[in-house]
Amino acid sequence: MKLLAMDTSNQAVSVALLENHQILGEMTVNIRQTHSQTLLPMIDQLLKQTKTAIEAIDRFVVAEGPGSYTGLRIAVTTAKSFAWTLNKSLVGISSLALLAANVTDTTALIVPLFDARRANVFTGVYQWQNGTLQTVVADQHISLEALLAQLQLLAEPVYFVGNDVAHFSEQIQAVLGSKAYFVSANHNLPHASVLGELGLTAEPITDIHGFAPVYLRKTEAEVNWVKTHDERGADSYVEQV
Amino acid sequence: MSEKRELILAFESSCDETSVAVIEDGHVILSNIIATQIKSHQRFGGVVPEVASRHHVEQITVCTQAALEEAGVTYADLTAVAVTYGPGLVGALLIGVTAAKAIAYAHHLPLIPVNHMAGHIYAARFVKPLEYPLLALLVSGGHTELVYMPAAGEFEIIGDTRDDAAGEAYDKIGRVLGVQYPAGKEIDRLAHLGQDTFDFPRAMLKEANLDFSFSGLKSAFINTVHHADQIGATLSHEDLAASFQASVVEVLTTKTMHAARQLNVRQLVVAGGVAANQGLREGLAKAIKASDMDLDLIIPPLRLCGDNGAMVGAAAHIELQKQHFADLSLNAVPGLDFPYRG
């Protein structure tokens, strides 16, 4: 099975082509960039370098979130459009799991995190069990303070992973002390080959049309609206006319 | 061998409608699927960009499938893929742009970038062939422009609003009257039941340029209503709407007729969401009749006045002839505009 994996959840753009477990090519660019201008040219270059036709791809794998809303939509829309229009399978993988999977050779807890602003983070807790990455605590939007309080109770070693970790390292160490471990720069960067590997065994999406990013947060307008309104009837907000 | 049909798969997602169409030869609609988010944004009293972007992702492929099925065509039949890349909400535009790029790439089809406002003008092509030079009055929630077209696919702004767009003014005074967003249709209905009794200002009517301003009218309207509230008086909503609409229509009509006379055009296209307004349609028709000008007024049918993929396909037909294609790095340009006439 040939898999094309793509991630635009945060600053980096990463694309990879795999033939089952074999990585045929991978490209990651980690600069401030406009994902809509970068992603498709990178995919095109990767396919050309590997002499692969887009029609030869069997499965499209995408990092589905959480992450930057606009960024997520670029890769998710690209992947779902490809899968639908070429009638191939589509897999969505947590953008946090993709980072957690960078940290191998440990059975300790792995906590990937992204800065969600206002002292909040997008995070989850992962662990390798029998060679498979398992979710210990589901991805969530939570204050850093609450996350660290929960991890402190566990009193276990924790590996923090992600480019935003450096931003919070003082707070993390203040609470967890020597239980907190940090990883190398290469592990903090998303690698689409890792995404492809996770996507190889994952269940494909059954409703490709309905596939959308996992934002983990409602928009502010919706949050405020729900405070004073009954949300039933949400299915009919968009209608063909 | 029969000649291959020119079929364009056209995408539009600049604001709160996800639309995909299949257009033949720039003037035959084989399908025009429109998914509107109006009910969603009515919760907030206006379009919330992040909410709009989220809806677009959920709608984009299902609308494309419906467009292809209704048109009864396959990818092999298509000549090109076209997409609105601006102006509009950046996050919303990006969904159409991203999907169109992926689909064009997957099927090795050329990609045609289309200016949304050119699309609105070319909605008129579904009524009849366009003859150049022509004049277009573009009126929507985001724009109020007079556009001169010396030839097909060439656009020059000759008049523009200095502040609010006409549609925006309708929504703002609609809020004051307690009319649900988008307010244009209801204000238009109320206006036909009332009289122009308030004599609101007609901004910039005496000035020689072709520009517009609606913020003074909006303020006059709001002050009138607030003053009445303070003294406990009740004003007729019908008369308020009629007075407001009379001012908007008189200003738009007068400036448009000035422009038509100056430029000696034979066709006048009225396009954009506010082109659906009955008061404006009647006002322009009356002004043309009263003049000595041989001016052909073209207003697209209601369904094509709002945002839709068909108009994008019609504009793309011209771009295809000019071989204006985009590469894989095409981005959304939220502030895209026509050049101003030098």
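Buried residues first: they make up 43% of the 241 residues in chain A. Buried here requires 20 or more other C-beta atoms within 10 Å of the residue's own, with C-beta atoms placed from the backbone. Keep in mind that this is a predicted model, where local features need pLDDT of at least 70, side-chain atom pairs count only at pLDDT 80 or more, and totals for chains, interfaces and linings use all residues. Residues are numbered from 1 along each chain as its sequence is written, and chains are lettered from A in the order in which they are written.

Now the fold. Chain A has eight helices and eleven strands. These are DSSP runs numbered from the N terminus: helices are H or I, at least four residues; strands are E, at least two. The radius of gyration of chain A is 19 Å, close to the 18 Å from the globule rule for 241 residues, so chain A is as compact as a globular protein of that length. That radius is taken over C-alpha atoms, and the rule is 2.2 Å times the number of residues to the power 0.38.

On to the interface. In chain B, 36 residues are in contact with 35 residues of chain A. Contact means C-beta atoms, placed from the backbone, within 7 Å.

Last, the strands. S11 of chain A, residues 239–240, pairs with S3(B) in the antiparallel sense over two bridges. Pairing requires at least two bridges found by DSSP. Glu239(A) stands opposite Thr36(B) in S3(B).

Note on methods. Buried ≥ 20, exposed ≤ 12 C-beta atoms within 10 Å, placed from the backbone. Contact = placed C-beta atoms within 7 Å.
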